[in-house]
Structure formats: C-alpha cells, structure tokens
Amino acid sequence: MAEELLVERLDNRGSGLARTTAGWVRIAGALPGERVKAEISGQPGRAELVEVVDASPRRAQPFCPLFGQCGGCVLQHFAAEDYRAWKRGLVIDALSRAGLETEVAPLVDAHGAGRRRVTFHARFQPRAAVGFMAAGSHTLVEVAACAVLSPGLAGAADAARALAGCFAATPKPMDIVVLASTAGLDVDLRGCGELTEPVRAALIERGRALGLARLSNHGEVVVEYRPPVVDMGGTAVVPPPGAFLQATAAGEAALAELVLEATRGARRVADLFSGCGPFALRLAREADVHAVDSGDAMLRALAAAARAAAGSRPVSVERRDLYRRPLLVAELAAREAVVLDPPRAGAEAQCQQLAGADVPVVAYVSCDETSFARDAALLVAGGYRLESVTPVDQFKYTAHVELVGRFRKPARGKRRRGRP
C-alpha cells in the first residue's frame, strides 16, 4: 500500500530521500520539498514513486520519452540551476567529509554535442533487442535512439541491433560498445565468446553494409575497413578497440584546459594513468612527457600519435600497474609536474608516494569525488596545498561528476616550520 511521504533532499544518486517509521527511503524521480505517494519496495531503503501529490516548483519536463524507464539519466526532471547546484554540491560534500577546504569553482557544462561512446546491452527475447537497463534492475529497455548521444552516434542503436542479429542462432546476453570516430562507428562486441567462422563471416559482411570503421570482439580486431581516428586536441589518434576515452569531446577539452593551466611552465611532466594521451599529447607541445599506463595497446596508440604530431616534444611511454607499482619518490624527483587521471578507485598508492616527493604541481583528474577527497587528504598531509577544484559535467543528467584538483607544494626552504 502506498503511503504519503515528504521528500526532504536528494541523495548522491539523484533520488529523493524521505523519512518513514522504518527509516530513510530513496525514491527515484522525487524532488526535495515534494509530497509524494510511494510504495515501499522489497529492497531495503527503497520506495517506488506512485504519484506526485504536491510538485516542486523546481520540477522540469523531461525531454526524453524513456525517462523514468531507462536507468541512464536520473535528473532530467530537475530545473537546470538546481541540478547544477546539486552536482557541484556532491564535490563540496565529499571534500567536507575528508576535512578539506578549498575553492570549488562553478560546474562546467561539458556535455557539448553529446556522448561519443555508448554501451548497448543486447538480449534475445526471442529476437535481438538492444537498449539500456532499467534503473536498479536487469530489465532491458529497448531504444531506437538516445537524446544524450552525439550526432556521430546516429544510427548506433540500429547498427548494434543488426550486429546482434548475427548471434540469433546461439543467443547469449552481450554488450556492444560503440565509439564515434571521424571514419565512422568503431564497434567492440563483448560477452559473445569466441566467434565461429560462419558468425565471423556474417559480421564482416554486415559491418561492411553498415559502413563501420572497425569491428572487434573482446578487443581483438575482426575487421578494419578504415582506421577509426579520434581527434585529441588537434592530434589524430587511433585508439585500440574498446579503449577508455572521456565521455564527450567537450569534456576532454575542458579537462585538458584545466590540466594545461595547472601545469603551465613545467618542462618535465609525468602523465599517470595516461590512456591514449588526451593530456599527454597536449602537454607535449610545451613539455617533455613521460606517460605511464597499464594498457599496452593504449600506450602504443599514444606513442604512434606523438611520433606523427608536428611540433611535439619527446613523449616516452611506460607500461606499469600503478596500483601495484606506483612511481616512487626517487622516480618522481625529476618531474616538475604530475598529472593523475585514475579510474574510479582513485590513486591511493601513487598519492602516498607523491606525498613524500617534492613535485611542485599535481593536477588530479577524477571521476569519483569520494576517492578524490581521500587521495587529496593524503597529498595535503604530505605538504601540498589544494588550491582549487573544478567540477566538470560531461555525464549530464546523471549522478556522475568529473573534476580537476590543482595541488601545489612549496620548495622545502619555503615551507612553514612544522610542515612535512
């Protein structure tokens, strides 16, 4: 039975929070200040929105007809100004919990033309169905198109559906990762296992008909019709299949601008968790760069792009698992700046080494405000000052926020007495 509840605030996932006699519950789709009818679900701490009894003046009309069904976007129904304040607040709250104080800049809107990379889920029920998962479930919501994708991904859902059809004889749940490149769609299939020869032949023929640039299976190229080139700040890069890229081109540019601003004047820079080089290739216009990552294929792509880039300074690459083998204090000694762009887990081991080093500047790019705050506290304890944090919104309408933190450590002779 539904009960009437007052929504007091949003949680860090974008759901409304309301008190019940049994404690707090999360209500997806509800906004602060609203009185709603909600039914307590079978999952602890969750309730399903039944009706908005008294709507907030901050409620907006979602632009996507699948909003509320598809689990991708969570806050299309929140007024733009309030949405931006909430997302910036995620960063402020994380820093506060870690005991850190610094300037948090206004949220940078980096949605741009939309996301250039998307993962579709494919299921056979019994025909090939392609889409996204409903919020908090494994139910597939079919999509013909997605409003937050870039024009370069137009037709991506149809292409994914056509490729999934090649597996109708042996249906398995699979994911289809599609990247927009300047040469066309770059597709990596996942979860379908080793390809039989008939399926491989069918995929090659279908990929040609679809005009794909490249088609891969679990990161192994099945066929490349044209190199899938991605522009990284004016440098052409051919990323390996399924490689990590920033979600939007505008997001990459915004993050890179902040990194370049933080490291300006440095002539010897280490780019850690470098990926294919969105920062290293830009930094190399003015500095010697040492790029470190665990992905061999991504480093090869970076190195090839750097060699072909006109006017690039030297870029060296090193394959290394920075979680198990972070750069040590002695290895950091020659660097005038370090750039960090770790996965969601953060870079705790590397920050422990940086805390003991004398690198003057650290630019930390993060996709998780909580792990960033933890690592920032380590750097501050080691003598760094957190000068600023800028949140960047390239996963618009979601609870995910990127950020760039700028840290500076004074020379030993200039540090206050008693500081590490």
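User: Why is Thr390 called buried?

Analyst: This is a predicted model, and the value is computed from it. Thr390 has a relative accessibility of 10%. Buried means under 20%, so Thr390 counts as buried. Thr390 sits in strand S22, residues 385–393. Beyond four places in sequence, Thr390 is in contact with Ala105, Pro106, Val108, Leu258, Glu402, Leu403 and Val404.

User: How do you know that the span of helix H9 agrees with what its 13 residues should give?

Analyst: H9 covers residues 369–381. The rule takes 1.5 Å times one less than the number of residues. For the 13 residues of H9 that should span 18 Å. The end C-alpha atoms of H9 are 18 Å apart, so the two agree.

User: Which residues of H9 are buried, and what do they pack against?

Analyst: The buried residues are Glu369, Ser371, Phe372, Ala373, Asp375, Ala376 and Leu379. They pack against helices H1 (80–97) and H8 (348–355). They also pack against strands S21 (361–366), S22 and S23 (402–408).

User: What is found at the start of H9, and what follows H9?

Analyst: At the start, a side-chain oxygen of Asp368 comes to within 3.1 Å of the backbone nitrogen of Thr370. After H9 comes Gly383, with a positive phi near 110 degrees.

User: What makes Tyr364 and Phe372 an aromatic pair, and why is it called edge-to-face?

Analyst: The search counts 7 aromatic pairs. Tyr364 and Phe372 form an aromatic pair with ring centres 5.1 Å apart. The cut-off for pairing is 6.5 Å, so the rings of Tyr364 and Phe372 pair. Their planes are 85 degrees apart.

User: Why do Cys276 and Cys367 count as buried?

Analyst: Cys276 has 1% relative accessibility, so Cys276 counts as buried. Cys367 has a relative accessible area of 17%. The limit is under 20%, so Cys367 is buried as well.

User: Why is Asp231 called partly exposed?

Analyst: Asp231 has a relative accessible area of 46%. Exposed needs over 50% and buried under 20%, so Asp231 is partly exposed. Asp231 lies in strand S15, residues 230–232.

User: Which backbone nitrogens does the side chain of Asp231 contact?

Analyst: One is that of Gly233, 3.3 Å from a polar side-chain atom of Asp231. Another is that of Gly234, which the side chain of Asp231 reaches at 3.0 Å.

User: Why is Val178 called buried, and where is Val178 found?

Analyst: Val178 has a relative accessible area of 1%, so Val178 is buried. Val178 lies in strand S11, residues 174–181. Its contacts beyond four places in sequence include Arg116, Phe120, Leu153 and Leu185.

User: What is the phi of Phe273 and of Tyr397, and where are these residues found?

Analyst: Phe273 is not a glycine, yet its phi is positive, near 60 degrees. Phe273 is in the loop between strand S17 (268–272) and helix H5 (280–283). Tyr397, also not a glycine, has a positive phi of about 75 degrees. Tyr397 is in the loop between S22 and S23.

User: Why do both count as buried?

Analyst: Phe273 has 13% relative accessibility, so Phe273 counts as buried. Tyr397 has 18%. The cut-off is under 20%, so Tyr397 counts as buried too.

Methods
Residues are numbered from 1 along each chain as its sequence is written. This is a predicted model: local features need pLDDT of at least 70, side-chain atom pairs count only at pLDDT 80 or more; totals for chains, interfaces and linings use all residues. Side-chain values use heavy atoms; hydrogens and water are left out. Helices (H or I, at least four residues) and strands (E, at least two) are DSSP runs, numbered from the N terminus. Buried means under 20% relative accessible area, exposed over 50%, partly exposed in between (1.4 Å probe, protein chains only). Contact means heavy atoms within 4.5 Å. A polar contact is a pair of N or O atoms within 3.5 Å; within protein, one must be able to donate a hydrogen and the other to accept it, and residues adjacent in sequence count only if both atoms are side-chain atoms. Rings of Phe, Tyr and Trp (its six-membered ring) pair if their centres lie within 6.5 Å; planes under 30 degrees apart count as stacked, over 60 as edge-to-face and the rest as tilted.
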